[in-house]
Amino acid sequence: MGIVANPFVYSGVDEGRHLPVFGYKNLFEDNTVTVTSAESAYPKENLWDGFNDWWQPTSNGTNYITVDCGSATAADYAGIYFHNLASVSGSIQVQSSPDNIVWADESDAYIPSGTEPVLISFGRDSFRYWRLKIISTGVAKIGYATIGERLELTSGLLPGFEVPNLGAKLRMVINSNYSDITTGVSTYAEGIEFTIASELYSLAWIRANWTPFIRHLELGKPALFAWSANNYASDVVYCKVSEKPNNSRFDRPAFLSINQKFKGYIE
Amino acid sequence: MTFDTEKAKIGREPFYVVKIYLTSCDNTFSVSPCNATGEPCFNAFGNCRDVVNFAETTKIYTFSSSREKLPMMDFYPFIIDMGIIAGKRDPGKSLGKRDSAQILLRDMPHHDRGIDPYVSQRSYDPMDQGTFWTKLLARNKYYTGKKCEVYVGYLTDDMSDLSNFEKYTYFIDRIDCNNDNTVTLTVIDIFKLSDRATYPAEAYSELAAPLLASGNTAALVDASSYPSSGHVRFNNDICSYSSKSGNDLTGIVHGQYGSEAADHATGDSAQQCHVGVNEDCIDTIKTILEACDIDSSYIPYADWQTEFSAWLGDYTLNYLLSKPEKGSKLINEIIEQCMLNMWWDAKDSEIKLDAFIPVLPTSAVTITQDVMLKDSFDYKDRPDDKLSQYAMVYDLRDYSDKVEFENCTSLYFSLSDNSDPLKDGEIRPKQVISRWFDETNEAAARTTANRALNQKLENPKLIKFKMDIRHEQPGTDFLLQNPKFVDDFGATKTIPVTIISAKQEVLGTTMSYEAISTGAVAQRYGVIAPNTMGLYTVESDANRQKYVFISQNSEPFFADGTEAYKIL
């Protein structure tokens with residue numbers, strides 16, 4: 001995995017360039033998926049339907065979500081969101097296999113610390129079988145799981161980009177009495193809004209990479225986004241668009257720019 | 001972990017859940033006892049193809065507000081917005097404006113898993129056909145009146161159920177599909193049922209043969225739904241009957257309750273009547289509510305009896321109802337004539353009933369400006385609600401005739417001293433005509449007249465204020481202290497108020513109240529003291545607040561300058 005030149009976001013000599021990555025292609029959606037087990041009310045289909053339901057195996061311990069792609073298929077990321085792994089001492093690891101018999105690790109086991117979205121990047125490989133290995137001491141629940149090829153932005157994010165994971169994540173309502181003494185505070189976690197703006201893309205790149213992503217967003221489907229997959233890999237957002245996606249546009253001769261607003265969740 | 005502990009926390013995270021209870025079938029399609037065949041149904045009554053074997057059960061659909069860090073519970077996070085429209089009580093007058101709530105929910109294509117029990121057998125992809133709500137409504141045509149619970153609470157890290165939530169119970173009025181992929185769920189309080197149902201029930205049958213004015217047997221087409229004895233009305237002739245034999249009502253006595261005996265023809269309707277003789281007013285109300293299909297589990301009858309014993313003993317009603325009328329209309333009359341305060345308590349899921357009496361100082365919490373939200377306090381005088389004369393006209397001459405002044409034989413009249421020229425000097429009369437009191441009910445008429453006048457001697461005040469939800473108090477009667485209420489010397493004074501409307505203006509955060517001042521604001525109330533009580537000058541402040549003392553001074557003031565009492 002090479003880190004592309006990223007001239008527009010530069011946070012210091014120690015960090016170098018930041019690599020923005022989207023994970024939206026999902027092999028689970030269009031291929032044959034099997035799971036070790038599933039409670040009847042929480043079937044495997046809940047893993048990729050985009051609703052706030054979840055897959056739940058019948059027991060704790062080691063469980064797998066396996067996809068048979070029919071032929072060798074490339075992947076370089078996996079991710080989950082809406083899960084309880086932290087509360088059941090759970091971990092997640094990506095494995096691959098050519099034959100569904102011999103499996104190789106593609107990533108280390110990752111142990112989430114909370115309910116945050118997880119995006120695991122690994123070196124691009126191509127296999128017929130891919131699986132997520134879940135180990136937990138309590139019964140795991142996972143609402144969204146994905147594996148496939150990530151979308152890397154070849155240009156950096158323009159100045160003005162607000163890092164979703166760093167900003168305020170709550171709306172507040174503060175009540176005060178006649179003496180201006182606070183009598184109560186309510187907070188509302190309604191998610192965050194952030195905008196991805198980037199430029200200097202070739203028409204060929206847009207056609208091959210951005211437009212398929214827009215088609216995906218148009219269907220209301222989700223994506224995982226890491227604003228700096230190389231430096232801050234755990235800064236991940238689960239996001240969707242809340243309105244019609246924007247077109248890419250020519251801002252200078254021969255180069256297109258992208259500008260897209262997202263609604264995201266970081267917990 | 002309770003609602004009260006969570007609401008007191010700074011940074012609390014309000015969260016809402018709505019449950020709707022729809023009728024479902026417990027059978028499996030085409031498996032005995034279900035004899036239906038072909039394309040499976042959806043286990044709802046509206047599409048059942050073997051209704052004889054429909055096994056009624058309840059399917060609960062649970063919706064929540066959409067938010068980050070959603071708890072992993074079986075919710076559809078479709079709630080976009082929710083507004084609880086607080087009812088407004090109308091003590092001493094009517095059931096008031098009803099409680100309701102409107103919930104705006106998202107609509108979208110849905111996979112039907114967890115909803116359609118036979119989704120795996122369908123030949124189509126549910127994501128391609130209809131939406132969550134359009135399908136739910138098509139499959140559940142009979143949703144009106146079904147129970148809906150609204151939960152308001154706070155998210156906690158270890159949340160596994162709704163135990164720290166407050167539950168409000170309503171009933172589905174309608175579900176409207178909007179144009180923007182949303183639906184509006186409108187839920188209402190239980191009294192809506194009494195707006196729709198009538199009491200007594202419409203006539204079920206008619207005369208199968210002529211009934212002469214001298215006849216003592218009425219042959220009906222079908223007497224099966226008539227009680228074994230009672231009263232029945234043919235045209236304007238109210239008859240009693242003593243027994244029933246097949247479809248014949250026997251022992252007919254014509255011309256009861258002031259009506260005139262007359263001949264009746266075949267086909268004349270036989271309207272059942274309902275009679276009350278010295279019936280406690282709470283029993284009358286309970287009978288009407290139950291006749292309106294309101295389940296008795298929502299009527300806290302023991303509480304009503306306690307209130308009746310303490311304050312409503314004069315109200316034993318004597319009446320005859322000889323034509324169907326809306327249940328809410330009848331109850332409104334009783335509320336006004338018995339000075340009641342009735343409302344649907346969505347939180348306790350029951351119909352509350354109180355006597356509308358002044359707030360007792362010793363039993364009420366004092367609300368001060370310290371807990372009111374800045375700039376939220378406001379009050380208006382309501383001079384149009386003031387009373388100086390009250391006339392109760394009662395004892396109907398002919399119960400088959402109209403309820404009007406000319407058809408009554410008794411009148412109780414009471415006059416307040418507000419008609420004194422040095423006070424308002426103007427007459428504010430109110431006349432109420434009662435079909436619930438007969439000649440034996442003078443005490444009831446007197447109590448109502450006096451209570452109504454006492455409540456409205458001075459300008460009633462409509463008071464509005466807001467509080468953070470952590471300062472919410474149970475109950476409806478409070479004392480209110482605000483710099484806008486002062487005595488002659490400018491010192492802040494406390495006035496008794498009854499809350500007529502309380503709603504969560506910002507759910508889980510801000511309470512908005514409307515209250516009315518009860519009793520003459522300057523008046524001092526108390527109850528009769530026990531024999532052990534000492535002189536006013538030596539008794540404690542608490543006892544002075546609670547009990548009535550008699551002043552030996554010629555002026556209506558005590559030695560300390562405070563005013564005289566009025567006995568409750």
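This is a predicted model: local features need pLDDT of at least 70, side-chain atom pairs count only at pLDDT 80 or more; totals for chains, interfaces and linings use all residues.
Asp112(B) lies in the loop that joins β6 (100-106) to α2 (132-139) of chain B.

Beyond its neighbours within four places in sequence, Asp112(B) makes contact with Val119(B), Pro126(B), Lys135(B) and Arg139(B). Ile60(B) is 52 residues away from Asp112(B) along the chain, and 15 Å separates their C-alpha atoms.

## Val277(B), a strand residue

Val277(B) belongs to strand β18 of chain B, which covers residues 274-280. Its relative accessible area is 57%, so Val277(B) is classed as exposed, the cut-off being over 50%.

With neighbours within four places in sequence set aside, the contacts of Val277(B) are Tyr257(B), Leu317(B) and Asn318(B). Between the C-alpha atoms of Val277(B) and Trp436(B) there are 9.9 Å, although 159 residues separate the two along the chain.

## Helices α4(B) and α5(B)

Helix α4 (residues 281-291) and helix α5 (residues 301-311), both of chain B, have axes that come within 10 Å and cross at roughly 150°. The two helices are therefore roughly antiparallel to each other, as angles over 145 degrees are counted that way. On the α4(B) side, the residues that meet α5(B) are Cys281(B), Ile282(B), Asp283(B), Ile285(B), Lys286(B) and Leu289(B). They face Tyr301(B), Trp304(B), Gln305(B) and Phe308(B) of α5(B). Sorted by class, this contact has 7 nonpolar, 1 polar and 2 charged residues.

An α-helix has 3.6 residues a turn, so residues three or four places apart point the same way. Among the α4(B) residues that meet α5(B) are Ile282(B), Ile285(B) and Leu289(B).

## Nonpolar cores

The largest nonpolar core has 89 residues. Those with the most contacts inside this core are Ile20(B), Phe63(B), Trp133(B), Leu185(B), Leu289(B), Met342(B) and Ile351(B).

Residues up to four places away in sequence not counted, Leu289(B) touches Phe191(B), Ile294(B), Ile299(B), Trp304(B), Ile331(B), Met342(B) and Ile351(B).

In chain B, 3 strands form an open sheet of mixed pairing, in the order β26-β25-β27. The edges are β26 (408-415) and β27 (429-433); each has a single partner strand, so one side of each is left without a neighbour in the sheet. On average, neighbouring strands of this sheet are turned by 15° against each other, direction ignored. Strand β25 (residues 389-396) pairs with β27(B) in the parallel sense over 5 bridges. For Tyr390(B), the bridge partner in β27(B) is Lys430(B). Helix α6 (residues 327-337) of chain B packs on the sheet, where it touches β25 and β27. The direction of α6(B) makes about 130° with that of β27(B).

How many of the residues of α6(B) are buried? The count is 9 of 11, and the helix is mostly covered. The buried residues are Gly327(B), Ser328(B), Leu330(B), Ile331(B), Glu333(B), Ile334(B), Ile335(B), Glu336(B) and Gln337(B). One of them, Ile331(B), is touched by Leu289(B). After α6(B) comes Met339(B), with a positive phi near 50°.

Conventions:
Residues are numbered from 1 along each chain as its sequence is written. Chains are lettered from A and ligands numbered from 1 in the order in which they are written. Side-chain values use heavy atoms; hydrogens and water are left out. Helices (H or I, at least four residues) and strands (E, at least two) are DSSP runs, numbered from the N terminus. Buried means under 20% relative accessible area, exposed over 50%, partly exposed in between (1.4 Å probe, protein chains only). Contact means heavy atoms within 4.5 Å. Axes are lines fitted to C-alpha atoms, for helices over the stretch in contact, and angles run from 0 to 180 degrees between N-to-C directions. Angles under 35 degrees count as roughly parallel, over 145 as roughly antiparallel, 65 to 115 as roughly perpendicular and the rest as oblique. Ala, Val, Leu, Ile, Met, Phe, Trp, Tyr, Cys and Pro count as nonpolar, Asp, Glu, Lys and Arg as charged, and the others, Gly among them, as polar. Two strands pair if DSSP finds at least two bridges between them. A nonpolar core is a set of buried Ala, Val, Leu, Ile, Met, Phe, Trp, Tyr and Cys residues joined through side-chain atoms within 4.5 Å.
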